[in-house]
Amino acid sequence: NRDDCLTMLNFVQSCDWMYKKVRYLRASVANSTLIDRVLEHDFNVLFYFFLVLIVISILNFDPWSLLFSMSTILVSFAFALGPSAAKAIEGVFLIAMQRPFDLGDRICITSATGPEPDLSQNWFVEDVSLWKTTLRFAATNEVSTVNNGSIAGSRIINFARSQKALVTLNLMFRSEATSQQISLFRAAVEKYVEDNPRVWSSMVAFFIVKIDPDAESTEYLLRFQ
């Protein structure tokens with residue numbers, strides 16, 4: 001706290017937090033190793049396929065005629081599976097290259113071109129593979145599985161990587177509230193922030209947003225970091 005003292009409750013909470021972080025780290029390392037092995041296997045398949053074609057060509061055989069004879073079937077499959085294959089490849093690149101989240105991260109998935117996202121709809125990442133991601137809904141504990149290709153074009157907000165995120169609250173006060181009462185409220189909020197330095201950095205803003213004479217109320221905006 002602000003007096004550089006650590007209570008027994010905070011010590012236990014810190015140990016529990018560190019234990020969870022270590023477990024998530026071990027799970028993330030194991031998951032990343034599994035993804036790397038799958039990628040290595042896929043690249044090996046492509047490498048040996050082209051290597052076999054080159055060896056057959058060196059031995060004066062013509063593998064290209066066989067491939068050209070199968071071109072009609074390959075083109076048919078390309079038209080039939082093209083959109084699905086494109087989405088699948090897009091999902092693989094999302095996880096293998098960008099890696100927007102890790103195991104245990106709290107995320108929010110919204111439209112990339114939509115309005116301001118609803119941050120209350122957030123999920124915990126439970127499992128990640130090249131093709132799918134398992135999520136747990138924070139509000140109801142519901143477990144869902146989504147294809148990585150379906151979220152590749154979405155806006156993914158990762159709360160675990162947003163270390164300097166801002167929290168905004170809209171507060172309503174009666175018009176009868178005096179400036180002294182508002183000052184006491186602000187002082188209490190500032191003291192709360194000072195007493196919890198591990199959670200909050202500072203109070204960024206506190207000001208009037210709207211005055212509603214019909215409802216006899218005043219709306220204030222309170223923003224923390």
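**Salt bridges and an antiparallel sheet**

Arg174 is partly exposed, its relative accessible area being 47%. In this predicted model, the residue belongs to strand E6 (residues 167-174) and is paired with Glu216, which lies in the loop between strand E7 (203-212) and strand E8 (217-224). The two residues are 42 apart, and their pairing links distant parts of the chain. The contact itself is a salt bridge whose closest N and O atoms are 3.3 Å apart. Glu216 is likewise partly exposed, with a relative accessible area of 39%.

Arg174 has a further salt bridge, to Glu176, where the closest N and O atoms are 3.6 Å apart.

The structure holds four salt bridges. One of them joins the side chains of Arg186 and Glu190, with an N to O distance of 3.4 Å. Both residues lie in helix H5 (residues 179-195); because they are four residues apart there, about one helical turn separates them. Arg186 is partly exposed at 37% relative accessible area, and Glu190 is partly exposed at 33%.

Attention now turns to the sheet. Five strands form an open sheet in the order E4-E3-E2-E1-E5, with antiparallel pairing. Its edge strands, E4 (143-147) and E5 (155-158), each pair on one side only. On average, neighbouring strands are turned by 40 degrees against each other, direction ignored. Within this sheet, strand E2 (residues 123-128) runs antiparallel to strand E3 (residues 132-137), and five bridges join them. Val128 has Thr133 as its bridge partner in E3.

How values were computed
Residues numbered from 1 in each chain as written. Predicted model: local features only at pLDDT ≥ 70, side-chain atom pairs only at ≥ 80, totals over all residues. Heavy atoms only, no water. Pairing = 2+ DSSP bridges. Axes fitted to C-alpha atoms, helices over the stretch in contact; angles between N-to-C directions. Buried < 20%, exposed > 50% of the residue type's maximum accessible area, 1.4 Å probe, protein only.
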